[in-house]
Amino acid sequence: MYITCLDLEGVLVPEIWIAFAEESGIPELKRTTRDEPDYDKLMKWRIGVLKEHGLGLKEIQETIAKIDPLPGAKEFLDKLRAMTQVIISDTFTQFAGPLMEKLGQPTIFCNSLEVAADGEITGFKMRVENSKLTTVKALQSIGYDTIASGDSYNDLAMIQASKAGFLFRSTEQ
């Protein structure tokens, strides 16, 4: 039995941080895991940029509400779910809601942001260390073969550990 593990941003929906960079006029926020393979370093840097500009969760969520899935993404997921179980991984709980609704409520494993009462993003908590690879290994340990796809450095271990996998490059990038 197979489970397909997909990255969300850049595969099914546009990159949230790139959309927010464009919306906020802060071009340095276009930096993604395609540019910086160390996710902890990237997120700490992003949080610093947000703080410097006085922006928080509310502003990012306003941008996310305007994001639509990439063309054909929902239809692809619908057909894929008719053949296999699908897990989407690694965005933040605070980002996922509107996107999952637009994609037909697929299963998603999220990380979480640490947010102060005033909406300032002060940190983040990963679900588990190396969450995509850890998820794939956990699924394999209970008898599933995995197929994986993603578009970035932080997807490579998940792809390489799977029975089949591919590095995705959207025409939207």
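Asp-7, Lys-132 and Asp-155 are linked in a network of salt bridges, a salt bridge being a side-chain nitrogen of Lys or Arg within 4 Å of a carboxyl oxygen of Asp or Glu. The model is predicted, so local features need pLDDT of at least 70 and side-chain atom pairs count only at pLDDT 80 or more, while totals for chains, interfaces and linings use all residues. Residues are numbered from 1 along each chain as its sequence is written, and side-chain values use heavy atoms, with hydrogens and water left out.

Helices (H or I, at least four residues) and strands (E, at least two) are DSSP runs, numbered from the N terminus. Lys-132 is buried at a relative accessible area of 3%, and Asp-155 is buried at 0%. Here buried means under 20% relative accessible area, exposed means over 50%, and partly exposed lies in between (1.4 Å probe, protein chains only).

The count of salt bridges comes to 14. Among them is the pair Lys-58 and Glu-62, with the closest N and O atoms 3.0 Å apart. These two residues are four residues apart in helix α3, which means that about one helical turn separates them. Lys-58 is exposed, at 55% relative accessibility, whereas Glu-62 is partly exposed, at 41%. Another salt bridge joins Lys-41 to Glu-36, with the closest N and O atoms 3.8 Å apart; Glu-36 is buried, with a relative accessible area of 8%.

The largest nonpolar core has 37 residues, of which Leu-8, Leu-12, Ile-60 and Phe-95 touch the most other members. A nonpolar core is a set of buried Ala, Val, Leu, Ile, Met, Phe, Trp, Tyr and Cys residues joined through side-chain atoms within 4.5 Å. At least two residues of this core come from each of α1 (16-24), α2 (39-53), α3 (57-64), α4 (73-83), β2 (85-92), α5 (93-102), β3 (107-115) and β4 (121-125). Beyond its neighbours within four places in sequence, Leu-8 has contacts that include Val-13, Ile-88, Leu-99 and Ile-108, contact meaning heavy atoms within 4.5 Å.

In α5, the buried residues are Phe-95, Ala-96, Leu-99 and Met-100. They lie on the same side of α5 because they cover an arc of only 115° around the axis, the arc being that of the directions from the helix axis to the C-beta atoms. These buried residues pack against α1, α3, β2 and β3. Lys-102 also belongs to helix α5, and is partly exposed at 27% relative accessibility. Just after α5, Gly-104 takes a positive phi of about 85°.

Strand β5 (residues 145-150) runs parallel to strand β6 (residues 164-167), and four bridges join them; two strands pair if DSSP finds at least two bridges between them. The chain crosses from β5 through helix α7 (residues 156-161) to β6 in a right-handed β-α-β crossover. Right-handed means that, with the strands pointing away from the viewer, the path from the first strand over the helix to the second runs clockwise. Ala-148 stands opposite Gly-165 in β6. Lys-102 and Ala-148 are 46 residues apart in sequence and 21 Å apart in space, C-alpha to C-alpha.
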